[in-house]
Amino acid sequence: MKKLILLTLILIILSCKNKDTENKIAAVETAQPIETPFIWEGANLYFLLTDRFNNADPSNDINFDRTKETAKLRGFKGGDIKGITKKVKEGYFTDLGINAIWMTPIVEQIHGGTDEGTGVTYGFHGYWTKDWTKIDPNFGTKEDLHELVKEAHAKGIRIVLDAVINHTGPVTEKDPVWPEEWVRTDKQCSYDNYENTVNCTLVANLPDIRTESNDNVDLPPQLIEKWKAEGRYEEEVKELDEFFERTGHPRAPRFYIMKWLTDYITEFGVDGYRVDTVKHVEEYVWTEFKVECDFAFAKYKKNNPELVLDDNNFYLLGEVYNYGVSTGQEFDFGDRKVNYFDPPSFQSLINFEFKYNSKDNDYEDLFTHYDAILHDELKGFGTVNYLSSHDDGQPFDAQRKKPFETANKLLLSPGTSQVYYGDESARSLVVEGTEGDATLRSFMNWDSIAKRKRTKEVLTHWQKLGQFRAKHPSIGAGTHQMITEEPYYFYRSYENEDFKDKVVIGLDLEKGKKVIDVSKVFQERVMLRDAYSGETATVENGTVTINSNFEVVLLEKE
């Protein structure tokens, strides 16, 4: 009897062990790889002028009789929201590793043209607002914006619009000045201290919104007349009443504009705002704006749970002109320093010094500099690096002689990368016959991409680096460590809860056989893939060997 009981116990124990083993095997077989999280601090952000990127609807190229002859590249050229959507659908941005698109303002622009000293100009750039509540027909319609957000989100691409609270558009024969309680026109900024940067007009004939005012003001008569003619006056007023009742804000100019801008979040589900002319507005305004943006984003997510991409907060990126990360969180007006990160407002600021850092430093010094800052003074926040832009007259490589170095430094530096449209295709930033910033704003060079071998080679390089960056948050948001100085190899690592990401990168290498020390990063017998060449190799004795005809190596786990 005792033998029978003992045998039974042994069988039960063996059965339990077998089941435990089977469960473990099943768990391994059904375990899903952890999805790569989207992290704004390491994003690959594509910045485009809506009017200058792609024209998919020639029927909307002329509106409001904007037919005056303009100076070169200072009129509308036909680019529209549909054109952006078309490229999203074609996979252009995905192939480039872009996971966020920032587009210039799409609100209705002044109807007239004006000459600021550089020739007759229309508001093709989007920064000359006439009506914040309506999309300019030159750019498209509400339906077009809905489709863009839908198609972009389907490919994991975020949409960032551009917010202007500082000023209206210039005054023209078709665009009367807003009432005095709304704008100031009598004092132009001299930029020599805080007061002379904030409470003044940026340039002549650019009415400055009285963002400091807490006085109740009526709607501008020209807006009332316009809305009544369009048959939407009652609805707009009703929504404004509800906004002011909910918030308790005075009917001051800045709060009207905040309501109008956050409507684009609630209705379309855009993911962020790049905010224009930040330092020309009182800093507390941006904290107020953040509160309203966060409220609108939460409302959109609640109303559209099936469309929510992830648990990221609404993204606010500030343009504090001439801010550089070397000053940490503060911007110095000369007589006063302001922190635009705290109290809470901006998640990131555009970094105007990156182009100088890139010119003055080699790869390692550049990468080490940004790694140190982002994990110290700017820890918990971010920076957006660029090498060319729409209003920076001294880009890193205006004549596009260094497109490969530009890609390496921009896309492999710690921080968020801002690719300006045409960076990836060497679109020239020197256009003969232009005045001022018009030279930076030519139409996207699609023809060159299609026909020129050199352009295709440049684009391929940007695509390889961009896709690698998008796949690996460690590149922009991780920590940097050099492996060897000559040949130059480094690794990046990022860890957040269950997600871990490590890569090894080599630049300016010899073509052919490359023996790479990866002992600090990857374990023995791990299979690695060089995303640049497509070659694979196994770690043996702490090294991998890649034989490729390229000067770049991008190593990741296979």
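Which residue in the turn of the β21 and β22 hairpin has a positive phi?

1. That residue is G534, with phi about 90°. Five residues lie between β21 and β22. Strands here are DSSP E runs of at least two residues and helices H or I runs of at least four, numbered from the N terminus.

2. The model is predicted: local features need pLDDT of at least 70, side-chain atom pairs count only at pLDDT 80 or more, and totals for chains, interfaces and linings use all residues. Residues are numbered from 1 along each chain as its sequence is written, and side-chain values use heavy atoms, without hydrogens and water.

3. β21 (residues 527–530) joins β22 (residues 536–538) through three bridges, antiparallel. Pairing requires at least two DSSP bridges between two strands. β21 also pairs with β24 (residues 553–557), again antiparallel, over three bridges. R529 stands opposite T536 in β22, and its bridge partner in β24 is E556.

4. In a regular strand, side chains alternate between the two faces of the sheet. In β21, L528 and D530 form the covered face. M527 and R529 form the uncovered one.

5. There are four cavities of 30 Å³ or more. A cavity is a set of points on a 1 Å grid over the protein atoms alone where a 1.4 Å probe fits but cannot get out; lining residues have an atom within 4 Å of a point. Volume is the space filled by probe spheres set on the points, which are joined across faces, edges and corners.

6. The largest cavity holds about 110 Å³. Its lining has 14 residues; D271, F297, K301, L309 and D310 lie nearest the centre. Helix α10 (residues 283–303) gives the largest share, three residues.

Definitions and conventions. 1 Å grid on protein atoms, 1.4 Å probe; cavity = no way out; pocket = protein on both sides within 12 Å on 5 of 7 lines; lining within 4 Å. Buried < 20%, exposed > 50% of the residue type's maximum accessible area, 1.4 Å probe, protein only.
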